[in-house]
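Open the model in your viewer and show the side chains. This tour goes from one selection to the next.

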Amino acid sequence: MPKNKWMMGILSLVVAVTLSACNTDSETSEESMDMNNATEENMSEDSGHMNMDHSGSGEVPADLQEAESPTYEVGSQAIIETDHMEGMKGAEATIVGAYDTTVYAVTYTPTNGGEPVENHKWVIHEELENPGDQPLKPGDEATIAADHMEGMDGATATIDTAEETTVYMVDFTPTTGGEPVTNHKWVTEAELSAK
């Protein structure tokens, strides 16, 4: 009998340890899922910029007009006050180009599939297919002719906001470290401050 009690004690201990481990794994899984969901939510809040080609060639549409007297001259420095992507807010930017145009925040579904990208900032008037001479209004639809992000070129966009302003192409090094970003399109005048 004492031998059986000893075996039952060992068996009870093994069961208790196993159940404890299962509960810990389950809690860890739930925590991981919560963290993953939070990460996805944060990414989606950023208007889909995670697939953005942050550096560009520096090419601009042929009909885009250079700003005659921009607040921030080409070659000058300014501080970026927006957070389109991680490491952008607070970064020191070098102004590469300044242009007067109408700038749009747009919602579109990528041509390569996936969830709609909401309130993407920014697409300029000259990056739309045959938009006409007049600025578009919120609610209007247009086809995007720019490839800031994968699946953007050729997508049908709904205009969320429209503003006539100066937009800037900038170089900057993210505040989070990493490779410098060159020829980033676009930052609006309101999203910059004097250094």
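The stops below cover a charged pair and then aromatic pairs in this predicted model.

**Stop one: the salt bridge**

Select lysine 195 and glutamate 92. They form a salt bridge, with the closest N and O atoms 3.6 Å apart. Side chains of opposite charge can pair when their charged atoms come close. Now colour the strands: glutamate 92 belongs to strand β3 (residues 92–108), while lysine 195 sits in the segment after β8 (192–194). The two partners are 103 residues apart in the chain. Is lysine 195 buried or exposed? Its relative accessibility is 64%, so lysine 195 counts as exposed. Glutamate 92, at 40%, counts as partly exposed.

**Stop two: the aromatic pairs**

How many aromatic pairs does a search of the whole structure find? It finds two. For one of them, select tyrosine 72 and tyrosine 168. Their ring centres are 5.8 Å apart and their planes lie at 75 degrees, so the pair is edge-to-face. Tyrosine 72 is in the loop between β1 (65–66) and β2 (77–80), and tyrosine 168 is in strand β6 (residues 156–172), 96 residues apart. Tyrosine 72 is buried at 12% relative accessible area, and tyrosine 168 is buried at 0%.

Next, select tyrosine 99 and tryptophan 186. This aromatic pair is edge-to-face, with 5.9 Å from centre to centre and 80 degrees between the planes. It joins strand β3, which holds tyrosine 99, to strand β7 (residues 181–188), which holds tryptophan 186. Tyrosine 99 is buried, with a relative accessible area of 7%, and tryptophan 186 counts as buried at 0% relative accessibility.

Definitions and conventions. Residues numbered from 1 in each chain as written. Predicted model: local features only at pLDDT ≥ 70, side-chain atom pairs only at ≥ 80, totals over all residues. Heavy atoms only, no water. Salt bridge = Lys/Arg side-chain N within 4 Å of Asp/Glu carboxyl O. Helix = DSSP H or I, 4+ residues; strand = E, 2+ residues; numbered from the N terminus. Buried < 20%, exposed > 50% of the residue type's maximum accessible area, 1.4 Å probe, protein only. Phe/Tyr/Trp six-rings, centres within 6.5 Å; stacked < 30°, edge-to-face > 60°.
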